[in-house]
Amino acid sequence: MHKFYRIKRDILACLMACMFIGGMGVDTYAAEVVDAQGAEGSGTEDLAAGSEGFRVSVSRNVSCTVEADGTVTYAAVPDNRLPVPDDGMLYLFELDPYEYDLTSDTGVIKAMKFDSSEHIWSFSFPVNFRQADTRLYSKFAVGIKSGGALYMVTEPTYITNPEALAQNTRMRYPRSKKSTQGEEFNNLYLDGTYGPVLAWPFKTIQVLNTGDSAALTHPMARADAMKADPAKVEQPMFYMFNASDAEGVDALASFMEYYAANSQGGENWIIGNEINTRRWNYMAWTDWDHYIKEYTQAFRVMYNAIMSTNANARVYVCLDQIWDKNLAPGDEGYDQCMDGRDFLEKFNALIRQSGNIDWGVSQHPYTNPMGYAKFWDMSGCENGAVYAGQVASGQIVTFQNLSVLTDFMQTPSMLDTHGNVRHIILSEIGLTNAQGSEIQAAALCASYAAVKDNPLIDEMMYLLAYSDPGMDSSLDAFAQRIYDEMDGENGDLHMEWAKSYIGISDWAEIIW
């Protein structure tokens with residue numbers, strides 16, 4: 001919540017408290033139907049014991065939506081085990097992204113009389129869009145006073161349809177499943193300054209935090225925290241976004257509102273790079289649950305900023321190849337990276353708990369290892385059998401076994417708010433030329449074959465200009481021609497050439 005709002009919120013709370021004591025000014029609302037997004041099981045969970053021994057139950061049967069005119073409707077299905085409040089009142093609280101408990105009355109924005117016969121509670125209030133006291137980035141929860149204590153009785157929930165506020169509703173246009181980084185895709189470095197990116201034509205923009213702005217950088221990713229980090233990350237490349245305090249939330253919201261409104265072509269927004277690996281999203285060591293919680297807070301703020309500006313944008317989390325290694329504490333690499341599958345499960349649970357939204361997945365399906373393109377024959381690769389086994393068992397996801405990712409994304413708990421498979425893009429892949437131009441070209445064809453007829457993959461973005469000691473993905477004239485034409489009118493000929501070169505008659509022999 002914006003810092004200016006804190007003063008206003010405290011004043012409002014005092015005024016409302018006076019009104020409650022005098023028995024005046026209490027808003028009551030008619031019950032209405034609730035779409036319980038993200039409800040799990042019974043939709044409730046026990047939170048804490050009251051002074052008389054009862055358990056206060058937190059309902060997840062909550063919805064929070066906004067209309068184009070800025071009216072927010074918060075509705076919840078109460079739990080029938082709820083005790084009668086001491087003062088006979090229900091209070092709607094506003095919380096910041098980093099707040100998870102009710103600590104005082106200062107967050108109250110609405111109140112209504114408690115009625116045990118009501119099956120649905122409903123509150124309405126203004127979102128204050130584009131104002132200093134905007135509620136677009138807040139969570140909302142109902143609280144009661146019981147036994148002299150304050151209890152939260154609904155799960156804190158964000159506004160889940162920020163796109164309703166967007167003025168930009170331009171249609172998305174279909175494009176080829178094959179695109180090239182630097183043409184369709186580029187990075188936006190989040191450092192607190194506004195660069196020359198407004199004229200960028202790029203449709204896919206990956207947002208990265210350089211760490212140069214303290215406000216935008218999580219406190220545990222700043223220099224002092226790095227010095228004390230017991231699990232050192234060698235040369236962090238980018239840093240955890242900051243939604244852990246009011247300054248960070250304000251900075252993230254302002255930055256993303258600005259770029260989403262002013263970028264020429266931005267349709268796809270990727271929040272961070274390979275965020276299951278701490279080198280690319282550095283945060284001093286903490287358990288992975290805390291790490292994901294901090295990322296999820298920032299993601300939600302950035303999602304709401306983007307979607308409230310461009311109604312047809314898509315916002316993605318980004319994963320590397322590591323999928324299901326099941327590393328345990330004490331294992332080598334445990335504190336450096338986590339399984340992409342585990343990350344998605346935990347991230348999805350946190351999102352659903354605070355109001356489900358239509359996030360997507362961006363993944364990087366390089367060969368395993370990245371420096372070896374002849375994936376169909378690992379005999380020339382040192383430890384090739386080990387690498388091949390990792391792909392075959394689903395520990396690592398490459399373009400060869402994309403079904404591991406797409407099958408997982410079809411499970412019921414991972415579906416979007418409409419019951420569909422979430423949007424999936426493969427935003428970075430390069431094929432090394434280390435084994436020769438023909439092998440590189442054949443591998444390029446194989447990677448494209450893996451996605452071109454797959455309805456669950458929207459796009460594959462090729463990195464053709466990458467070169468370091470571990471991998472050079474630049475193309476010579478032959479490989480460049482194959483790449484340029486493999487999705488064109490000569491594409492079938494190139495695909496047949498590649499299968500013949502590899503020694504197969506069907507792609508299913510090496511891609512599944």
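How many bridges pair strand β16 with strand β17, and in which sense do the two strands pair? Strand β16, at residues 360-363, and strand β17, at residues 424-429, are joined by two bridges in the parallel sense. Within this pairing, S362 has I425 of β17 as its bridge partner.

## Model and overall content

The structure described here is a predicted model. The chain has a mean pLDDT of 88, and 87% of its residues reach 70 or more. Residues 1-42 have a pLDDT below 50, although the model gives this stretch 89 contacts beyond near neighbours in sequence. A further stretch, residues 47-55, stays under 50 in pLDDT and has 17 contacts beyond four places in sequence.

The chain holds ten helices and 20 strands. Of its 512 residues, 55% are buried. Among contacts in the chain with a separation of 6 or more, 73% come from residues 24 or more positions apart.

## The eight-stranded sheet

Strands β16 and β17 belong to an open sheet of eight strands with parallel pairing, ordered β11-β18-β17-β16-β15-β14-β13-β12. Its edge strands are β11 (178-180) and β12 (185-190), each of which pairs on one side only. On average, neighbouring strands of this sheet are turned by 30° against each other, direction ignored.

Helices lie across this sheet. Helix α4, formed by residues 288-307, lies across β12, β13 (204-209), β14 (268-271) and β15 (314-319), and runs at about 150° to β15. Helix α8 lies across β11, β17 and β18 (459-462), and its direction is at about 160° to β18.

Helix α8 comprises the 16 residues 437-452.

Two packed helices are described by the angle between their axes and the distance between the axes. The axes of α8 and helix α9 (residues 477-485) come within 9 Å and cross at roughly 10°. Because angles under 35 degrees count as roughly parallel, α8 is roughly parallel to α9. On the α8 side, the contact is made by S437, E438, Q440, A441, L444 and C445. The residues of α9 in this contact are F478, A479, I482 and Y483.

## Helix α3

Helix α3 has 17 residues, 246-262, and should span 24 Å at 1.5 Å a residue. Its end C-alpha atoms are 24 Å apart, which agrees with that expectation. The buried residues of α3 include A246, G248, V249, D250, L252 and A253. Further along the helix, F255, M256, E257, Y259 and A260 are also buried.

## The three-stranded sheet

Another open sheet consists of three strands in the order β3-β4-β7, with antiparallel pairing. Strands β3 (62-66) and β7 (121-126) stand at its edges with a single partner strand each, so one side of each has no neighbour in the sheet. Neighbouring strands here are turned by 15° against each other on average, direction ignored.

Strand β4, at residues 71-76, runs antiparallel to β7 and is joined to β7 by six bridges. Opposite Y74 stands F123 in β7.

Notes:
Residues numbered from 1 in each chain as written. Predicted model: local features only at pLDDT ≥ 70, side-chain atom pairs only at ≥ 80, totals over all residues. Heavy atoms only, no water. Helix = DSSP H or I, 4+ residues; strand = E, 2+ residues; numbered from the N terminus. Expected span 1.5 Å × (residues − 1). Pairing = 2+ DSSP bridges. Axes fitted to C-alpha atoms, helices over the stretch in contact; angles between N-to-C directions. Contact = heavy atoms within 4.5 Å. pLDDT = per-residue confidence, 0-100. Parallel < 35°, antiparallel > 145°, perpendicular 65-115°, else oblique. Buried < 20%, exposed > 50% of the residue type's maximum accessible area, 1.4 Å probe, protein only.
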